[in-house]
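Subject: Structure handover

Hello,

Please find the structure below, with notes on what turned up in it.

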Amino acid sequence: MTVETLIPGQVSLQQLERIWRLTLPARLDDSARPGILRAAGHIAAAAAGTTAVYGVNTGFGKLASVKIAPEDTAKLQENLILSHSCGVGDPMPIDVARLMMVLKLLSLGRGASGVRPEVVALIEAMLAHRITPVIPDQGSVGASGDLAPLAHMTAVMIGHGEAMVDGKIRTAAEAFALKGLSPIRLGAKEGLALINGTQFSTAYALAGLFQGWRAAGEALVISALSTDAIMGSTAPLEAEIHALRGHAGQIDAATAMRALLHGSPIRESHREGDTRVQDPYCIRCQPQVTGAAMDVLRMAARTLEVEANAATDNPLVLSDGQIVSGGNFHAEPVGFAADMIAMALAEIGAIAQRRVALMVDPTLSFDLPAFLTPKPGLNSGLMIAEVTTAALMSENKHLAHPTVIDSTPTSANQEDHVSMAAHGARRLQPMVRNLNVILGVEAMCAAQGLEFRAPLKTSAPLQKALAALREVIPALEEDRYLAPDLARAADLVAKGNLSRATEIALPALSPFHV
């Protein structure tokens with residue numbers, strides 16, 4: 001299996017997405033080693049000295065004023081990990097947990113954390129041998145760092161807790177023995193370096209970003225199908241309209257939709273004699289809405305790309321050897337990015353749901369049968385599938401409420417403002433699942449609508465998307481048990497199969513790199 005080589009400070013979103021989607025192992029580039037050794041040397045000197053240095057020879061948080069004897073340094077770090085392993089909830093998905101471990105590697109690789117190379121090597125070995133700590137997904141407030149979840153990761157590294165290996169949950173000791181590895185005894189500051197940081201929040205935010213961008217691409221294809229299904233106009237996609245406004249996402253969305261609909265016989269059939277003057281906003285303003293959401297996702301992507309490459313523990317070893325306490329563990333940037341992604345997901349789903357409602361309503365759908373069934377009345381067709389999309393759209397609206405604006409003091413008021421980035425990022429997972437169902441149902445509705453336009457056909461690219469849908473979901477001729485169809489449609493969207501089938505190049509998430 002390919003092992004991704006990471007150059008700290010220079011890793012792109014494309015590389016991170018590849019690691020996440022394929023659960024690839026990763027290692028730091030050899031160029032990171034001198035910086036790691038330099039910082040570790042400064043920490044070792046501080047641990048042997050008499051000057052109080054936070055987290056090296058002192059207690060933590062409110063207990064920072066308590067001096068720790070040199071002989072207790074290792075015990076201090078072990079106690080930190082065990083006492084902070086207070087997570088609750090469901091285990092992190094394995095792909096997100098592994099991405100979190102990769103992000104921790106990147107942070108340590110900046111050469112400002114003070115850990116020994118052995119710590120880095122153990123994380124690399126765990127990734128290579130697919131030993132994934134079982135990490136509860138609740139308990140972090142996103143400052144000072146994602147303490148509880150990262151403590152559960154680190155607990156496995158020192159022989160405590162549980163890990164998933166070879167498809168089975170085992171004790172950390174069993175997992176390491178199975179793969180010929182050994183737990184590590186933490187040195188000065190190493191426990192603190194491992195649990196301070198934003199890697200839990202950032203991993204979840206990146207997963208939501210990657211899934212959300214794929215959904216946005218699918219939304220462009222599906223909305224083009226819907227446009228032809230209701231015999232909508234392509235005039236609002238004219239390039240000059242969008243150039244006159246100038247937003248990149250809007251321009252990109254319109255460009256993609258023009259390519260998708262180009263040459264559609266359905267479109268050509270009603271250029272003349274159509275009594276409708278304008279389409280509803282959910283058809284006419286698709287580039288303005290989905291394109292705006294794409295711009296928001298790109299803004300969030302920039303923040304997360306920077307954060308993925310950042311040193312975010314505390315204290316940090318600076319280039320002149322100073323060991324300085326700061327606040328890079330505060331996940332406010334990640335919290336803002338997660339909220340931005342959430343709003344984008346909610347809006348892509350909101351306008352898609354209106355297109356579903358449009359297509360099932362015979363008063364608005366330009367002569368399509370009620371609820372897209374050949375025999376309305378005897379059959380209910382896609383009536384309740386539309387209701388399901390309304391429920392999920394509303395749920396996503398509530399989930400999109402900003403989390404970063406919330407805060408509560410913790411740790412006896414020492415940590416008196418926190419980001420709440422952890423659950424802000426984690427809630428993106430159910431939001432994406434909801435969005436994929438909404439878009440999947442829209443695709444089912446559009447397919448029904450297009451087939452009612454026979455013998456007219458849609459464009460060549462969209463016919464390929466329609467064929468991909470029909471490979472797994474047959475046309476709805478009469479009522480049947482629909483839940484499996486909705487699940488299959490959502491899966492098509494999640495995998496990007498409809499956009500891939502069109503063979504049309506869709507907009508890229510990140511044309512920039514750190």
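The model is predicted, so to speak of local features a pLDDT of at least 70 is needed, side-chain atom pairs count only at pLDDT 80 or more, and totals for chains, interfaces and linings use all residues. Residues are numbered from 1 along each chain as its sequence is written, and side-chain values use heavy atoms, with hydrogens and water left out.

Nonpolar cores

A nonpolar core here is a set of buried Ala, Val, Leu, Ile, Met, Phe, Trp, Tyr and Cys residues joined through side-chain atoms within 4.5 Å. Buried means under 20% relative accessible area, exposed over 50%, and partly exposed in between, with a 1.4 Å probe and protein chains only. The largest core holds 149 residues, and L6, L16, L206, L209 and L382 touch the most other members. Helix α9 (residues 199-229) supplies the largest share of this core, 18 residues; helices (H or I, at least four residues) and strands (E, at least two) are DSSP runs, numbered from the N terminus. Another core, of eight residues, lies apart from it and includes I43, A47, V56 and V317.

L206 has contacts (heavy atoms within 4.5 Å) with L13, L16, L99, L103, L304 and A308, leaving aside neighbours within four places in sequence.

Cavity

A cavity is a set of points, on a 1 Å grid over the protein atoms alone, where a 1.4 Å probe fits but cannot get out; lining residues have an atom within 4 Å of a point. Grid points are joined across faces, edges and corners, and the volume is the space filled by probe spheres set on the points. The search of the whole structure gave one cavity of 30 Å³ or more, and the volume of the largest cavity is about 50 Å³. Its lining consists of L382, M444, Q448, R470, I473, P474, L476, R480, L482 and D485.

Strands

Three strands form an open sheet in the order β4-β6-β7, with antiparallel pairing; two strands pair if DSSP finds at least two bridges between them. β4 (132-133) and β7 (168-171) are the edge strands, each pairing on one side only. P133 has A163 in β6 as its bridge partner.

A235

A235 sits in the loop between α9 and α10 (239-245). Its relative accessibility is 38%, so A235 counts as partly exposed. A235 touches I241 and R267, not counting residues up to four places away in sequence.

Regards

Conventions: 1 Å grid on protein atoms, 1.4 Å probe; cavity = no way out; pocket = protein on both sides within 12 Å on 5 of 7 lines; lining within 4 Å.
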